[in-house]
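Here's a quick briefing for anyone meeting this structure for the first time.

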Amino acid sequence: DYTASFSGLSQCLRKAPTNTGVGFRIAAQRLLVVVQMLMGDIPERHVFFTKGMKAELLPYLHITQAVRRGDLAVFTEVVSKYATRLQQDGTYTLISRLAHQVVKAGLRNLNVSYSRLSLEDVAHRLGLPSATSAEFVVAKAVRDGVLDATIHHEEGYVQSHELVDVYATKEPALAFHRRIAYCLTTHNDAVRGMRYPPDAYKKQLEASRGNRRKRNDDKTD
């Protein structure tokens with residue numbers, strides 16, 4: 001569940017100390033960037049230029065740029081370039097799953113730019129091997145709701161439908177729900193943190209030890 005993973009990693013970064021544990025924060029930030037892209041979102045650019053993380057996140061910046069561009073050939077080239085580094089980070093398998101997101105991003109860009117496009121052009125622009133592969137990818141995107149288009153198999157082109165007003169769909173409500181859920185989780189964590197302050201148990205432990213020591217002294221007397 002990428003949504004639960006994104007929430008957990010966000011909390012890890014929020015609760016991690018800022019002056020220590022740089023390695024932990026870098027590892028969490030790497031995973032957060034990858035999970036965010038697997039969810040279909042593009043991380044903010046400033047994330048990759050956080051103090052102390054710029055060099056470590058450079059491969060992920062290039063991968064993010066390739067995903068945003070929607071060119072499968074460029075994405076494959078970037079992943080091959082940083083394959084050893086990604087394997088050392090333990091994110092290579094997750095990065096490999098991003099190929100589908102690259103194609104979806106490319107199809108969205110084409111759908112916005114063109115109302116009609118041949119399958120040969122789709123294959124060329126997305127870096128796919130043939131028009132048959134492009135037709136399969138477009139058909140899957142239409143089925144998943146990524147595109148609102150019709151495939152004309154005999155003529156070999158894709159016809160996009162008129163863009164629907166996004167505010168007439170459920171997407172704004174879903175985005176609003178996600179933001180409210182995030183705010184409520186942050187509020188609950190803050191309340192829980194104030195209710196149980198750090199090291200509060202130590203005072204009780206010291207008090208119980210003092211009482212035990214006092215009882216032992218009374219028995220000795």
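**Helix packing and ring contacts**

Helix H1 (residues 2-15) packs against helix H2 (residues 22-38) with the two axes 9 Å apart and an angle of about 150° between them. That angle makes H1 roughly antiparallel to H2. Keep in mind that this is a predicted model.

**H1 with H2**

- If you look at how these two helices cross, H1 and H2 do it in a left-handed way.
- On the H1 side, the residues that meet H2 are Tyr2, Ser5, Phe6, Leu9, Ser10, Cys12 and Leu13.
- Facing them from H2 are Phe24, Arg25, Ala28, Gln29, Leu31, Leu32, Val35, Gln36 and Leu38.
- Sorted by class, the H1 and H2 contact comes out as eleven nonpolar, four polar and one charged residues.

**H1 with H10**

- H1 also meets helix H10 (residues 171-195), and here the axes come within 12 Å and cross at roughly 45°.
- H1 and H10 are therefore oblique to each other.
- This crossing, of H1 past H10, is right-handed.
- From H1, the residues involved are Ser10, Gln11, Arg14 and Lys15, and they meet Tyr182, Thr185, Thr186 and Asp189 in H10.
- By class, you get one nonpolar, four polar and three charged residues where H1 touches H10.
- Ser10 turns up in both stories: this H1 residue is listed in the contact with H2 and again in the contact with H10.

**H8 with H9**

- H8 brings Leu119, Glu120, Val122 and Ala123 to the contact, while H9 brings Ala131, Ala134, Glu135 and Val138.

**Rings and charges**

- How many aromatic pairs does a search of the whole structure find? The count is zero.
- There is still a ring worth a look: Arg116 lies over the face of Tyr157, at 3.7 Å from the ring centre.

Methods:
Residues numbered from 1 in each chain as written. Predicted model: local features only at pLDDT ≥ 70, side-chain atom pairs only at ≥ 80, totals over all residues. Heavy atoms only, no water. Phe/Tyr/Trp six-rings, centres within 6.5 Å; stacked < 30°, edge-to-face > 60°. Lys NZ or Arg CZ within 6 Å of the ring centre and 35° of its normal. Axes fitted to C-alpha atoms, helices over the stretch in contact; angles between N-to-C directions. Helix = DSSP H or I, 4+ residues; strand = E, 2+ residues; numbered from the N terminus. Parallel < 35°, antiparallel > 145°, perpendicular 65-115°, else oblique. Left-handed = near helix turned anticlockwise from the far one by under 90°. Contact = heavy atoms within 4.5 Å. Nonpolar A, V, L, I, M, F, W, Y, C, P; charged D, E, K, R; others polar.
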